[in-house]
Amino acid sequence: MNMRTARLEIRRVSESDRSRFIDLFSDSSFMEFSASGALGEDAANLRFDRMLALSADIPFCKQAIIETVTGMAIGYAGVDYFEFRGEQRLEFGYRLIAESRRQGFATEAALAILELARETWHGQLLAFIDPQNHASRNVLSKLGFELVEHTRIKGHDVELYDLTI
């Protein structure tokens with residue numbers, strides 16, 4: 001299901017998006033606050049494969065954010081599974097190309113994804129960010145996420161947030 005906002009189209013990824021997302025996952029500026037950093041080609045392909053697979057199972061999975069003016073994929077927003085304290089949980093996340101940051105695109109896309117989530121699912125979403133990522137902290141606050149704790153995930157210090165929908 002494609003969603004539209006004032007400036008964006010948000011849609012599930014398809015095989016035709018692979019090249020763009022492999023480039024993004026391999027770009028150190030795109031992956032700036034990722035625990036893994038820029039990915040090699042094999043890891044980037046595996047990450048894209050996961051996005052494709054999840055799109056069959058979760059309506060509000062991580063999806064492509066397309067800027068309608070340019071028609072270009074500028075990032076993604078949505079959920080993925082991750083293991084946290086021995087349980088499989090849903091992690092909400094978003095990532096944009098550097099040129100598209102600080103323009104409200106992450107908030108705009110995330111609000112659309114969260115609206116879809118509210119229509120199709122009920123429960124707790126977690127989000128974690130690098131403590132140095134002040135812009136992401138502001139986005140989470142606008143979305144209604146609340147800081148739960150400072151903890152370690154995948155060997156990195158993070159701020160953990162939650163939102164129950």
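**Burial, packing and phi**

Author: Ser100 counts as buried, at 4% relative accessibility, where buried means under 20% relative accessible area, exposed over 50% and partly exposed in between, with a 1.4 Å probe and protein chains only. This is a predicted model, in which local features need pLDDT of at least 70 and side-chain atom pairs count only at pLDDT 80 or more, while totals for chains, interfaces and linings use all residues. Residues are numbered from 1 along each chain as its sequence is written, and side-chain values use heavy atoms, with hydrogens and water left out.

Reader: Where is the place of Ser100, and which residues does Ser100 touch, not counting residues up to four places away in sequence?

Author: Contact means heavy atoms within 4.5 Å, and helices (H or I, at least four residues) and strands (E, at least two) are DSSP runs numbered from the N terminus. Ser100 sits in the loop between strand S5 (87–96) and helix H3 (105–120), and, with residues up to four places away in sequence not counted, Ser100 touches Ile74 and Phe105.

Reader: How should I read a helix pair, and at what angle do the axes of H1 and H2 cross?

Author: Axes are lines fitted to C-alpha atoms, for helices over the stretch in contact, and angles run from 0 to 180 degrees between N-to-C directions. The axes of H1 (residues 18–25) and H2 (residues 41–55) come within 9 Å and cross at roughly 125°. That makes H1 oblique to H2, since angles under 35 degrees count as roughly parallel, over 145 as roughly antiparallel, 65 to 115 as roughly perpendicular and the rest as oblique. In H1, Arg18, Phe21, Ile22 and Phe25 meet residues of H2 including Ala44, Phe48 and Leu52.

Reader: Which residues in H1 are buried, and what do they pack against?

Author: Arg18, Phe21, Ile22, Leu24 and Phe25 are buried in H1. Seen down the axis of H1, these residues fall within an arc of 160°, so they line one face of the helix; the arc is that of the directions from the helix axis to the C-beta atoms. The buried residues of H1 pack against H2, strand S3 (63–67) and strand S4 (72–84).

Reader: What is the phi of Arg85, and what is the phi of Lys154?

Author: Most residues other than glycine have a negative phi. Arg85, although not a glycine, has a positive phi of about 50°, and Arg85 is in the loop between S4 and S5. Lys154 also has a positive phi, near 55°, and lies in the loop between strand S7 (146–153) and strand S8 (156–164). Arg85 is exposed, with a relative accessible area of 54%, and Lys154 is exposed at 64%.
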